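Trainee: I've got the sequence and the structure open. Could we go through how the helices pack and how the chains meet?

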2 protein chains.
Amino acid sequence: MARRTQGTSAGLDRERIAAAAVALVDRDGLERFGVRRLADELGVDPMSIYHHIKGKAALLDAISEAVLAEVAPAAHDASHGWQEIASRTAHAYRETAYRHPQVFPLLATRAQTSPVALAALERLVTAMREAGLPDQVVADAPMTLFGFLNGYLMAVLSGGSGGGGAMPAIDATTYPTMAALAPLQAGFGSVEEFDRILGTALGGILDRARAAGGGHDVRSV
Amino acid sequence: MARRTQGTSAGLDRERIAAAAVALVDRDGLERFGVRRLADELGVDPMSIYHHIKGKAALLDAISEAVLAEVAPAAHDASHGWQEIASRTAHAYRETAYRHPQVFPLLATRAQTSPVALAALERLVTAMREAGLPDQVVADAPMTLFGFLNGYLMAVLSGGSGGGGAMPAIDATTYPTMAALAPLQAGFGSVEEFDRILGTALGGILDRARAAGGGHDVRSV
DNA sequence: AGACGAAATCTACAACGTAGGTTTCTCGGT
DNA sequence: ACCGAGAAACCTACGTTGTAGATTTCGTCT
């Protein structure tokens, strides 16, 4: 119905396609996503898309790139310490993930080499180095931080888009300790939980830096 | 050719199917995996599989369950401290992941509720609690640890099954710090790297326990 | 022998990704 | 005002996928 009469330039370009693809995945999920459905959404023939994007794999790349670009860059302001930068970046990442839960698996799965991602990492490691952290600790930091972020967010977001917790009622007699701890896991997916775990990760980095006997100003914010 | 003549009981059951599925994914990858190919492999009609497993989703569940069962249970011996248990479990998990790199995305994506997984967690949290760590720290530990494990292993294993590093040559002029640190990321995917990052995570947990002023014996192995 | 439930199979369909060829629009040079 | 070139959109077609539904065959018990 909305399909263009043949030949008229429908104003298709990579950006418009990516935006529509993100919207479609947000709505119907990754499983249901496909070239044909996307074409329908755009009111366009499936094959038209191939003139701008090479194939489905490239389409998925475009989606994750577009979503990643939404991550608010953590204050370019260099006056913040590395922990501040790391925390801001992590929270921005989390918020974007929550905004596009269905897309997130793509982010966690694909190696991110886009300029935005690299620029963010560069800012972080630079700040860490200036704070005097040992080089090896700084070199490991991106993997440590984003490994944790991706794994944690994946776990949290896999629990259905609805709202029900993902914990499937633990049997108290066979797993007594876990059952006893269950109440403390009430805020599953909450910012508070995120902050606690993020704090643990950053604390671990700081701790390792101290142990390795880094530069001058290892302690403090 | 290997196809059974119709009707003979081919001795199909959930276990045999899962084993063949794992082998198939190991060989051809997740993308190429499908019900029909699996049926071919088993010398069986595609529809036969549906008599033992409800659909493709359930098939993927069976795969990840089978692989997870391979994880060597960390010494049931209760004489070890929680850090020992955590470390052993993490290494066993890593080894299984490396044995089935193509399957791993399934493990990281799906919420694990199988008895083996829960039993392992129960052992860990029990040991942590006995060591006197604060309840909230213990409650967060599984997410912290497995979040990190899944995220890190996902990143490492996504770099093609071959052996080439995943780092795509960083431009030294636009990202000077990262370029300077590149040599220190040489052993990408190595046990040493894994140990460093695992140590950071465990250190973070210990640190947080100390800060929260836990029970009696917070310090030490 | 005959009946019954479980297991394996056959048939069929809608949806998918995309290669190859054809039509139509846009636009600069004359 | 015309034309030719190149890009953008489209149509057709093929092989493959997941799986619903009906059908056949087997092993087992009476």
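Predicted model: local features only at pLDDT ≥ 70, side-chain atom pairs only at ≥ 80, totals over all residues.

Trainee: Is the crossing of α1(A) and α2(A) left-handed or right-handed?

Mentor: Helices here are DSSP runs (H or I, at least four residues), numbered from the N terminus. Helix α1 of chain A covers residues 14-28, and helix α2 of chain A covers residues 35-42. Their crossing is right-handed.

Trainee: How are α1(A) and α2(A) oriented to each other?

Mentor: Their angle is about 110°, with the axes 10 Å apart. Axes are lines fitted to C-alpha atoms over the stretch in contact, and angles run from 0 to 180 degrees between N-to-C directions. Under 35 degrees counts as roughly parallel, over 145 as roughly antiparallel, 65 to 115 as roughly perpendicular and the rest as oblique. So α1(A) and α2(A) are roughly perpendicular.

Trainee: How are α5(B) and α7(B) oriented, then?

Mentor: Helix α5 (residues 82-99) and helix α7 (residues 115-130) of chain B pack at about 155°, with axes 8 Å apart. That angle makes them roughly antiparallel.

Trainee: Which residues of α5(B) make the contact with α7(B)?

Mentor: Contact means heavy atoms within 4.5 Å. On the α7(B) side are Arg123(B), Leu124(B), Ala127(B) and Met128(B). Facing them from α5(B) are Trp82(B), Ile85(B) and Ala86(B).

Trainee: How much area do chain B and chain A bury between them?

Mentor: Buried area is the accessible area (1.4 Å probe) that two parts lose on being put together, summed over both. The contact takes 46 residues from chain B and 46 residues from chain A. With 68% of it on carbon and sulfur atoms, the buried area is about 4100 Å².

Trainee: Which residue forms a salt bridge with Arg196(A)?

Mentor: A salt bridge is a side-chain nitrogen of Lys or Arg within 4 Å of a carboxyl oxygen of Asp or Glu. Across the interface of chain B and chain A, the rule finds 2 salt bridges. For Arg196(A), the closest N and O atoms are 2.6 Å apart, and the partner is Asp140(B).

How values were computed
Residues numbered from 1 in each chain as written. Chains lettered and ligands numbered in written order. Heavy atoms only, no water. Helix = DSSP H or I, 4+ residues; strand = E, 2+ residues; numbered from the N terminus. Left-handed = near helix turned anticlockwise from the far one by under 90°.
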